[in-house]
Amino acid sequence: MSTLAKDNEHDHDHKPTGLKRWFFSTNHKDIGTLYLIFALTMFFVGGSMAMIIRAELFQPGLQFVDPQFYNSMVTVHALIMIFGAVMPAGVGLANWMIPLMIGAPDMALPRMNNMSFWILPFAFALLLSTLFMDGGAPAGGWTMYPPLVLQTGDAFPFLIFAIHFLGVSSIMGAINIIATVFNMRAPGMTLMKMPLFVWTWVITSFLLIAALPVLAGGVTMLLTDKYFGTSFFNAAGGGDPVLFQHIFWFFGHPEVYILALPAFGIVSQIIPTFARKPLFGYASMVYATASIAILSFFVWAHHMFTVGLPIKGELFFMYATMLIAVPTGVKVFNWVATMWKGAMTFETPMLFAVAFVILFTIGGFSGLMLGITPVDFQYHDTYFVVAHFHYVLLTGAVFALMAAVYYWLPKWTGYMYDERLGKIHFWLSVITSNVLFFPQHFLGLAGMPRRIPDYNIQFADFNAISSIGGFSYGLTQLLFVYIVIKCAMGGKKAKAVSWEGAKGLEWCVPSPAPFHTFETPPKLTKEMLEH
Amino acid sequence: MLFVLFVLPVSAVADWGLNMTKGVTPISRDIYNMHMVTLWVVTIIGILVFSVMFWSIFHHRKSKGVKPAKFSHSTTVEIIWTIIPTVIIVSLAVPATSLLIRMDDTSEAKVTIKATGYQWKWKYDYLDEDLTIYAALDANSSEIAQRDSGLDPMEAENYLLEVDNPIVLPINTKIRILTTANDVIHSWWVPDLGWKRDAIPGFINDNWAVIEKPGTYRGQCTEICGKGHGYMPIVVKAVSMEEYKDWIEVKKVAQAAAKNTSNMVLTMEELMTKGETVYKAQCLMCHQANGEGVSGVFPALVKSPIAIEDGRRLEHIKQIIYGKKLMPAFGEQLSDLDIAAVTTYERNAWGNNTGDIVQPKEISDAR
């Protein structure tokens, strides 16, 4: 073993073996893989909680769980999906692909990279351990509004510390991405020549660095309110419960774009590849992404129109919110224009990307409706909102992540995935997710509040349909795991340029990508810089 | 198919209760119209954009032998599709602004009520009348809603949307509705009135409604407020001004009678029956029907020292009156008779069997 390891040191592709390889890894590809596997695991943990929710809501009456546990499921499902599934999946892709896309040998800060990943399992161990505690897991909603969240039992400090850890991990990841992109681009890779996926991640990283410390501050104030007698949010002590909501959503709205911007980047890579045509309006895509990111800091109060803001505030936040529709519209138009007069084929990544454009746009439409303050007084905190954010996060962000996995899987494993199964997975996903979430628009408009474990019989039919969609969507994702594992085990060999129309540096290295790439900076040709 | 689904609620299905309600106030109608306008705008934009996209998907395929074009930008087109959405948005923002300004004007209201959220019921103060009403989930829904109750929610017409004590409001009158809360944040929503408003401890929000049609209007709490969040409905009965005034008088008499129970003397049996009713309405959500509570959050009453030890009888009464930690103070909400009955019930039910009889007099002395 030791001689083998020694021999390997002379090998160009040497890597540590066994557990050490993964625990002590400083390799961006291995850490990227860890992130992606972790995210997929959490996707199923959070998904099984969603199954419990849909089972309870399948018919009126209380059949499976107590209301308190139901609230815990609602709360922990959201925390896991946001912080455990979508964000780590995005960071995993960034780790794998950014160095390959800009011609860097690795991330700029490899040890910190290791740490930012390995914090995650511990943070989620803290969070998930609360399920077994006296008083149960946090049940006040992922938004953690006081005073309700202060009624949490023993789980409370675990919730706060888990959030702190997740924030630390994300901030380290963001610093790493910024340091890498600004210092390690291959000569000739100017900022405005970077692939859009890299751009969206740079902008996302700035959002993370700006937003997450605010959340950390807010939850720390919760902690001191509960244990150290402060009254930041306690009206009886001169505090203000609404202050927390301002702090939370000052983080929370940029967070929405932290989840969505990398998805925009992914789709902007995939559509040109399968349309065999350059991305339309590259520069306007970059500017639109940056405008969305900047605007995201000025719209937070649209999550809290019903708290009784002064009318001038309500008007300001309504206008700012509606304004976001403009750059978002530009992006959608650009994607459609990229497809226009291309020579398209529809492999699984393209199918998911096209579905993303349509379904994310539907989520955007309901978002615009929610942004109109007087009407929001009816929509707010109903299933209309639940439908809205699942359209942008599941059929939006998650579909884009799935597209990315299918797109780059050949580069990661060296094998093509099973295209027929991939297409089946796509069609089942797109149908079931719409059966799951579309009826929730109707439920919300008809008056069903969110976060309730039981409901009046007038909501029974659509809840039953939604639950059937939910179970089917959940089952369908097992197929995804099978496809990924099957691809990792073998199959048709992937070429270096795995897709006919693929452009960019990541396709200049062999498939699978060697353990070390670009140890000397690549000489960029004009063709490599095409988007 | 998605287009069809998106258009469906607009027309035919509107009558099936899938769309937003038009409600019964001028504001709720304006909100409905604003909702419909926006829905149509986004539907049309959606149809246009997706039609172009699908046309491209069907025609610009490699399998049809097309050669990909090379263009990658067009400043003119990009300017056009930045300006058009901006214009659309401004034209939506103008009516939205005027509607919002109208909603904001709560002046010159004839009747003012204050809704206070409790875990998990609503208290209503008729500020002009010195009348207070508590409204909690009705006993029928509550019974069905217990896990594995074996009862069918389909058989209860207003399952989870019925209260024990509905409030009454006059029609064709500007009513100002204040919202606040006693413990955590709640939100007061009756869709037919057109809006919801958060009820926040330490703060008072206001809104208003002119109900144009007599009837019973139902809603629910819409801000997660703990395990009983799904179980604190709102029921508003809108009647003519004369009926409203009669109702106020009747309720005032009942309120005075409830305050005056301290000299009543009841038998054990009467107290236990009354106590069980009070327990089910007020205590069951936390301490559970079997008095076992919920481990770690809500303490058990069964064999709990405070509920069985003779020396702690006064402490037991005082905890009900004044509350403790998460437990609300029931002193203001319940009459001496109610508290006496529920104390007796708790000290004798589920095998606690202390034999204690607590009379209303003992409560008024403890206050």
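How are α4(A) and α13(A) oriented to each other? The axes of helix α4 (residues 67–102) and helix α13 (residues 383–413) of chain A come within 11 Å and cross at roughly 30 degrees, so α4(A) and α13(A) are roughly parallel to each other.

Okay, some housekeeping before I go on. This is a predicted model, where local features need pLDDT of at least 70 and side-chain atom pairs count only at pLDDT 80 or more, while totals for chains, interfaces and linings use all residues. Residues are numbered from 1 along each chain as its sequence is written, and chains are lettered from A and ligands numbered from 1 in the order in which they are written.

Now the terms for that opening. Helices (H or I, at least four residues) and strands (E, at least two) are DSSP runs, numbered from the N terminus. Axes are lines fitted to C-alpha atoms, for helices over the stretch in contact, and angles run from 0 to 180 degrees between N-to-C directions. Angles under 35 degrees count as roughly parallel, over 145 as roughly antiparallel, 65 to 115 as roughly perpendicular, and the rest as oblique.

Back to that helix pair. The crossing of α4(A) and α13(A) is left-handed, meaning the near helix is turned anticlockwise from the far one by less than a right angle; clockwise would be right-handed. Which residues meet there? From α4(A) we have V86(A), A89(A), L93(A), W96(A) and M97(A); across from them in α13(A) sit L393(A), A397(A), V398(A), L401(A), A404(A), W408(A) and W412(A). By contact I mean that the C-beta atoms, placed from the backbone, lie within 7 Å. By class, this contact has 12 nonpolar, no polar and no charged residues. For those classes, Ala, Val, Leu, Ile, Met, Phe, Trp, Tyr, Cys and Pro count as nonpolar, Asp, Glu, Lys and Arg as charged, and the others, Gly among them, as polar.

Here's another pair in chain A. Helix α11 (residues 348–371) and helix α14 (residues 419–446) of chain A have axes that come within 10 Å and cross at roughly 10 degrees, so α11(A) and α14(A) are roughly parallel to each other too. The contact of α11(A) with α14(A) divides into five nonpolar, four polar and two charged residues.

On to where the chains meet. 83 residues of chain B are in contact with 83 residues of chain A. Looking at the chain B side, the elements giving two or more residues are α1 (2–7), α2 (26–59), α3 (75–104), α4 and β7 (195–199) of chain B. Which one gives the largest share? That's α3(B), with 15 residues. By class, the chain B side has 46 nonpolar, 25 polar and 12 charged residues.

Chain B itself is divided into domain 1 (2–104), domain 2 (111–259) and domain 3 (268–366); those bounds come from an automatic or database domain assignment. The centres of domain 2 and domain 3 of chain B, taken over C-alpha atoms, are 26 Å apart. Their contact takes 16 residues from domain 2 of chain B and seven residues from domain 3 of chain B.

Now the sheets, where two strands pair if DSSP finds at least two bridges between them. One open sheet has five strands in the order β3-β2-β1-β5-β8 (chain B), with mixed pairing. Its edge strands are β3 (131–135) and β8 (205–210) of chain B. Inside, β1 (residues 111–118) and β5 (residues 174–181) of chain B run parallel, joined by seven bridges, and V111(B) stands opposite I175(B) in β5(B).

The other open sheet I want to show also has five strands, in the order β4-β10-β9-β6-β7 (chain B), and again the pairing is mixed. Strand β6 (residues 186–190) of chain B runs antiparallel to β7(B), with five bridges, and antiparallel to β9 (residues 215–221) of chain B, with two bridges. Have a look at W189(B): its bridge partner in β7(B) is K196(B), and in β9(B) it is Q220(B). Then β9(B) and β10(B) pair in the antiparallel sense over six bridges, with Y217(B) opposite V236(B) in β10(B).

Last stop, helix α5(B). It lies across β4 and β10 (233–239) of chain B, running at about 145 degrees to β4(B).

How values were computed:
Contact = placed C-beta atoms within 7 Å.
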